Amino acid sequence: MRRLGRWVLLVLVAALALQLFFIGRIALMSVVDPQSTTFQRSEAWRIASTGTLRWRQEWRDYDQISDHLKRAVIASEDDGFASHEGVDWDAIEKAWERNAKAEEAAAQRAAQNRPARPIRIRGGSTITQQLAKNLLLSSERTLLRKGQELVLTYALEKLLSKQRILEIYLNNVEWGEGVFGAEAAARHYFKKSAAQLSAWEAARLAVMLPRPRHFEKLPNSRYLASRTNTIVARMRNAELP
């Protein structure tokens, strides 16, 4: 029993040390721009394994990024960003409901021997949750990792301002194969700086975010065009931090 107790104690101490390490990293980000994220490093290895080296990223301060892009990303990804505390439980519940309905419809089509349609899974994650996951965590989908994501999400909200969270997010989010951050995306797709993006260009980039590598290969996607127009209309109501 003593040996078991020691092992339990060691596990608890290790878990606490890990949390303190993560919190220390987040606190440092209030004054130091992160050079890379866990997701970016994993992508670097993946891209390198293909024998090619394609990487674009340039940090831009908050006021050097078009307000159009900030509004577009909030309207598309997290319309309650300025007011929630990191997690939008209503959005998560709605996402679960939509996913359940989509799976039910797919099952009905299969039972009727009708052609299957791809199920578009919706996550309901906020901008802060996405940042927590990409900054410090692996891409595995387990309850333990999701729990860690929630801890880091609340740490980000407590230790950083909303403006800083959005700034780090926009500078590190993936926008294509080896394309990271607003500046690299603006240069890659529109040959201009992130500060010069128009409302339509910003909305188009925002719509790409859930599946950037997919839409990079389908620039004439009908869905991409339609959804871009929808986000342009919503942008005027997006609240900036």
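A residue counts as buried when its relative accessible area is under 20%. In this predicted model, F180 has a relative accessible area of 0% and is therefore buried.

F180 takes part in an aromatic pair with F39. The two ring centres lie 6.2 Å apart, and the planes meet at 70°. Planes over 60 degrees apart count as edge-to-face, so the pair of F39 and F180 is edge-to-face. This pair joins distant parts of the chain. F39 sits in helix α2 (residues 38–49), whereas F180 belongs to strand β2 (residues 179–180). The two residues are 141 residues apart.

In general, two values describe a pair of aromatic rings: the distance of the centres and the angle of the planes. The structure holds 4 aromatic pairs. Another of them is formed by F21 and F22. Here the distance is 5.9 Å centre to centre, with 50° between the planes. The pair of F21 and F22 is tilted. F22 has 8% relative accessibility and counts as buried. F21 has 45% relative accessibility, so F21 counts as partly exposed.

Charged side chains also lie over aromatic rings. K70 lies over the face of Y62, at 3.6 Å from the ring centre. K162 is placed over the face of F81. For K162, the distance from the ring centre is 4.6 Å.

Terms used:
Residues numbered from 1 in each chain as written. Predicted model: local features only at pLDDT ≥ 70, side-chain atom pairs only at ≥ 80, totals over all residues. Heavy atoms only, no water. Phe/Tyr/Trp six-rings, centres within 6.5 Å; stacked < 30°, edge-to-face > 60°. Buried < 20%, exposed > 50% of the residue type's maximum accessible area, 1.4 Å probe, protein only. Helix = DSSP H or I, 4+ residues; strand = E, 2+ residues; numbered from the N terminus. Lys NZ or Arg CZ within 6 Å of the ring centre and 35° of its normal.
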